[in-house]
Amino acid sequence: MSLTLETGNTLRIALRGRRLRRTRALRGLVRETRLHPEMLVQPIFLQAGASGREPIGAMPGQDRLGLDALPEEATRLRTAGVRSVLLFGLPSSKDTIGSGAWAADGIVQAGIRALRAADRELVIIADVCLCEYTSHGHCGVLAGSDEDATIDNDRSLELLGRTAVSLAEAGADIVAPSAMMDGQVAVIRAALDEAGQAQTAILAYAAKHASAFYGPFREAADSAPAFGDRRSYQMDPANGREALREIDADLAEGADMIMIKPALPSLDLVAGARARTTVPIAAYQVSGEYAAICAAATNGWLDRRAVALESLVAIARAGADIIVTYFGAEAAAWLREDATQ
Ligand SMILES: [Zn+2]
């Protein structure tokens, strides 16, 4: 097909891409990426000593849940079609080593048992870190005094191993180490196997950037560091090749799946990981990504539903099989609505 321009020149149009965009059904026929509720993971914040739901200010629509709210939450997620949750805990007390993380009666351990009782088939993923349980808010234990304290990698490993075993014993299907301590996946795999928890899978937060997008989470999980920041263990957002090295290392240490976080700012890493490995890849659409969309939607500047679904499909298109998102149950409901239209 050629077109004669006013100048008399002829122009050949090689691609008539619009042919396949003409109708809704044609677009559906050739759609490359489809979201499904089963690929979404809903994060849940468990609050010790609380009952019911307490809204999280910086994350509209998200709550901290008391244990008594979990049966209803399990029903809500099942009805929406979301089959997986990622648990974080807010303990009633904290100490310097984060001992609440591996307490047999800890808030997440109790939450796992309550969710399992409510829904036997729910996939329960438990975050493995110390920052919600340490008085200083860092992801590992400290070496040195407050002023110039550093995070002691190797001493933290044993505690992360204990935490993972405790969560597995409570009934978690998957443990998700997020502390960014070197060697954490190997230590956790060995600890799980030794404790007879060989069936517990590891979803490694392999590439976790020190991102400003985590801001609202720190309010939600009450886990802001008391001093300093996390840049000595979380990755520099400027580094992509390093992220691939971290992914390689976690796979070599025995990770069953890997996670990339945050999601939209790291789509290149999701695509890079997809080209590199055959294991399932998860991406975490973090609190700030969620809050930004919510805030713009509340102001009438963006369409909440359209932007949320577009962001999720972009994450899937980049290569993520699993998306952890605060839109979980809501997005699943939208997808079901779309499917029946
Ligand atoms: Zn942490």
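**Ground rules.** I worked from a predicted model, in which local features need pLDDT of at least 70 and side-chain atom pairs count only at pLDDT 80 or more, while totals for chains, interfaces and linings use all residues. I count residues from 1 along each chain as its sequence is written, and side-chain values rest on heavy atoms, with hydrogens and water left out.

**Helix pair.** I looked up helix α9 (residues 287-298) and helix α10 (residues 304-318), whose axes come within 9 Å and cross at roughly 155°. That makes α9 roughly antiparallel to α10, a word kept for angles over 145 degrees. The axes are lines fitted to C-alpha atoms, for helices over the stretch in contact, and the angles run from 0 to 180 degrees between N-to-C directions. Helices are DSSP runs (H or I, at least four residues), as are strands (E, at least two), and they are numbered from the N terminus. I then noted the residues that make the contact (heavy atoms within 4.5 Å): Tyr290, Ile293, Cys294 and Ala297 of α9, with Arg304, Val307, Ala308 and Ser311 of α10.

**Ile315.** I found Ile315 in helix α10, and I recorded this residue as buried, with a relative accessible area of 0%. Buried means under 20% relative accessible area, exposed over 50%, and partly exposed in between (1.4 Å probe, protein chains only). Leaving aside neighbours within four places in sequence, I listed the contacts of Ile315, among them Ala263, Leu264, Val270 and Ile323. The C-alpha atoms of Ile315 and Ala282 are separated by 9.4 Å, although the two residues lie 33 apart along the chain.

**Zinc site.** I saw that the zinc ion is coordinated by the SG atoms of Cys129, Cys131 and Cys139, at 2.2 to 2.3 Å. Donors are N, O and S atoms within 2.8 Å of the metal (3.2 Å for Na, K and Ca), and water is not among the atoms, so sites may look incomplete. Along the chain the donors follow the spacing C-x1-C-x7-C. Cys131 is buried at 6% relative accessibility, and Cys139 is buried at 1%.

**Backbone notes.** I marked a cis peptide bond between Lys261 and Pro262, with omega about -5°, and Pro262 sits in the loop between β12 (257-261) and α8 (267-276). Met180, not a glycine, has a positive phi of about 60° and is buried at 7% relative accessibility. Asp222 also has a positive phi, near 50°, but Asp222 is partly exposed at 47%.

Conventions
Angles under 35 degrees count as roughly parallel, over 145 as roughly antiparallel, 65 to 115 as roughly perpendicular and the rest as oblique.
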